[in-house]
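Subject: Structure for you to look through

Dear colleague,

I am handing over the structure below, and after it I have written out what was found. Please keep the 3D view open while you read.

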Amino acid sequence: MKNVKNAKSANYLQIDHIIKKLLSEEGVILRPSPEAYEEFEDIRRYLDQKPEEGYMIWIKKQIKHPINTCIAISSPKIHQRLNNIVIVESGIEAEMYSICNAVKPVLCGVHEGYTKIILKENASLKLRHFHKWGIGDEVITTSEFILENGATLHSSYKCISPLKKLEVGSLAVLNSRASANFEVSIMAKNEEANIDETMILEGDNSNGIIKLRMISDSNARIMSRSKIIANGAGRGHIDCMGLLLSNDSIISSVPEIFTKNKGATLTHEASIGKISETEINYLRSRGLTEEEAINLIVTGFLGEALIH
Amino acid sequence: MSEMLDIRSLSVKVNGKLILKNINLKIKEGEIHALLGPNASGKSSLAYAIMGLTDYEIANGEILFKGTNITHLPIEERVKLGIALAFQNPPAIKNVKLSLLLKRISKEKPATLPSFLKELSVTSSFLEREINVGFSGGEKKISELLQILCLKPQFVILDEIDSGLDIINLNKLMKIIQERLIDNGVSILAITHRGDILQFLNPDLTHVMLNGEIVCSARDWRKPWETIVRCGYEKCEECKERELLTD
């Protein structure tokens with residue numbers, strides 16, 4: 001239902017390889033990325049080659065509403081190779097909702113997405129990226145963020161429906177006074193998931209947080225690496241938490257911090273465990289069933305319960 | 001008055017260790033009972049066993065609630081029957097707002113919640129906090145009572161509802177317990193260490209628990225209380241004045 005609503009209000013809607021909707025608004029240039037590559041020299045500077053498919057969103061003026069994108073797979077065996085680019089001009093505050101999904105559970109599609117996001121000086125972007133796939137789908141989603149001086153990014157990625165294979169990766173470069181907060185939440189069931197997040201604190205007074213929330217259930221395997229490198233005198237923190245819901249599932253979490261700058265401060269914390277029986281009992285003592293109690297704890301763990 | 005809770009010869013084990021021994025306790029409809037005892041004597045364990053928490057294995061005996069045998073009933077089924085427990089140390093549930101839980105569990109009309117908040121002198125922003133995350137001792141008690149009120153129970157166990165509360169908030173809580181629970185005929189088992197709570201509740205029966213056993217049950221709470229204040233719990237078992245009520 002949420003996806004349908006999102007499709008209706010989408011600025012960009014792509015199903016399989018066909019663009020169904022392209023709706024610009026005042027102050028925003030929206031193009032298919034192959035067209036944008038031909039049309040704008042600036043875009044050619046950011047992309048190595050002409051994309052096959054995807055979107056370009058260039059936010060030039062302050063916008064009142066979030067920009068919505070929706071990319072879906074609706075036919076069997078589709079292989080999407082998306083190349084998206086988003087530019088937010090200096091001083092602009094923007095918000096984006098991005099949904100990628102399969103409309104049926106067993107389409108066995110491949111969704112390969114590379115997104116480059118450039119936040120110019122003092123620009124700000126809140127990006128919420130939701131994935132909902134079927135059990136036969138394979139997904140590789142990679143993002144690259146460039147934050148110019150004073151830019152702010154809050155990025156959250158969630159994939160809580162089971163699929164065959166998931167690879168999530170991002171690289172963010174933060175210049176002076178830039179600030180980034182990354183949240184990646186994954187619930188894996190009978191699947192293989194790899195997470196690879198890297199943040200480079202290039203400029204002084206930059207600060208970044210990587211927050212990973214991983215739930216592994218029913219023979220799932222989640223391998224995660226998260227790294228913050230401080231070249232400038234910045235502050236960074238990695239926070240990785242994993243929940244195992246079954247004995248046949250695996251979570252591996254490797255947080256890494258690196259600096260040669262004595263003005264930098266980098267910290268990390270990581271933990272993996274099972275759901276506390278005390279918490280389940282407590283919620284059951286309020287009338288919830290065991291399943292309802294676990295669901296509430298899990299949604300809380302993934303940060304969903306705060307949204308609701 | 002008909003029987004609300006009837007515990008018969010109950011023995012309970014946790015991790016194979018016997019922690020409650022041959023407990024007999026009858027609480028009638030609308031009755032207030034107090035349970036005293038030193039730390040680790042088994043008071044909270046009795047509360048958890050009545051509630052059916054999973055670590056508490058019934059080694060012997062049975063628990064009846066309004067005539068129904070609930071000895072092996074799941075926790076949530078006991079809640080449906082009208083049993084509620086205000087925890088002494090409730091766990092934190094990260095990232096879940098108190099408002100969300102109250103909405104999920106409430107048998108009260110949504111309009112009732114603001115009046116509860118007003119009576120407890122808490123703002124609606126309190127509801128937007130994560131359950132028990134960073135709550136002070138007093139805030140935990142307010143949150144517990146709020147949840148209990150939303151459940152509209154018929155029998156409530158208050159496990160040290162007074163701990164961590166200043167006198168002003170304690171009086172507020174007691175006023176609400178009186179008006180919302182006692183005046184509505186709700187039966188109460190209050191676990192406490194404080195005389196002023198006993199004075200306020202004026203229980204129908206006061207029990208003393210030592211080493212997992214109820215060693216004294218008195219109609220006048222002052223008798224065991226004065227013995228405890230005067231001589232300590234260790235003298236309870238030897239106390240000449242102790243009563244053991246069988247019915």
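Asn15(B) sits in the loop between β1 (3-14) and β2 (17-28) of chain B, where strands (E, at least two residues) and helices (H or I, at least four) are DSSP runs, numbered from the N terminus. Although Asn15(B) is not a glycine, its phi is positive, at about 50 degrees. Asn15(B) counts as exposed because it has 7 C-beta neighbours inside 10 Å; a residue is exposed if 12 or fewer other C-beta atoms lie within 10 Å of its own, buried if there are 20 or more, and partly exposed in between, with C-beta atoms placed from the backbone.

Please note that this is a predicted model, in which local features need pLDDT of at least 70 and side-chain atom pairs count only at pLDDT 80 or more, while totals for chains, interfaces and linings use all residues. Residues are numbered from 1 along each chain as its sequence is written, and chains are lettered from A and ligands numbered from 1 in the order in which they are written.

Chain A has a positive phi of about 60 degrees at Asn122(A), which is not a glycine either. Asn122(A) lies in the loop between β8 (110-119) and β9 (124-132) of chain A, and because it has 17 C-beta neighbours inside 10 Å, it counts as partly exposed.

Turning to the strands of chain A, there is an open sheet of nine strands with mixed pairing, in the order β3-β4-β6-β8-β10-β12-β14-β16-β18; two strands pair if DSSP finds at least two bridges between them. Its edge strands, each pairing on one side only, are β3 (28-32) and β18 of chain A. Within chain A, β14 (residues 192-201) and β16 (residues 221-230) pair in the parallel sense over ten bridges, and Asn194(A) has Met223(A) as its bridge partner in β16(A). Strand β16(A) also runs parallel to β18 (residues 250-259) of chain A, joined to it by ten bridges.

Which residues have the most contacts inside the largest nonpolar core? They are Leu147(A), Ile186(A) and Val156(B), in a core of 156 residues, a nonpolar core being a set of buried Ala, Val, Leu, Ile, Met, Phe, Trp, Tyr and Cys residues joined through C-beta atoms within 7 Å. Helix α5 (residues 137-151) of chain B gives the most to this core, with seven residues.

In chain B, α5(B) packs against helix α6 (residues 167-181) at an angle of about 10 degrees, with their axes 11 Å apart. That makes the two helices roughly parallel, a term for angles under 35 degrees. In this packing, Gly138(B), Lys141(B), Leu145(B) and Leu149(B) of α5(B) meet Asn169(B), Leu173(B), Ile176(B) and Arg180(B) of α6(B).

Finally, 22 residues of chain B are in contact with 20 residues of chain A, contact meaning that two C-beta atoms, placed from the backbone, lie within 7 Å. On the side of chain B that touches chain A, β7(B) gives the most, with five residues, and the residues of that side divide into 14 nonpolar, three polar and five charged.

With best wishes

Conventions:
Ala, Val, Leu, Ile, Met, Phe, Trp, Tyr, Cys and Pro count as nonpolar, Asp, Glu, Lys and Arg as charged, and the others, Gly among them, as polar. Axes are lines fitted to C-alpha atoms, for helices over the stretch in contact, and angles run from 0 to 180 degrees between N-to-C directions. Angles under 35 degrees count as roughly parallel, over 145 as roughly antiparallel, 65 to 115 as roughly perpendicular and the rest as oblique.
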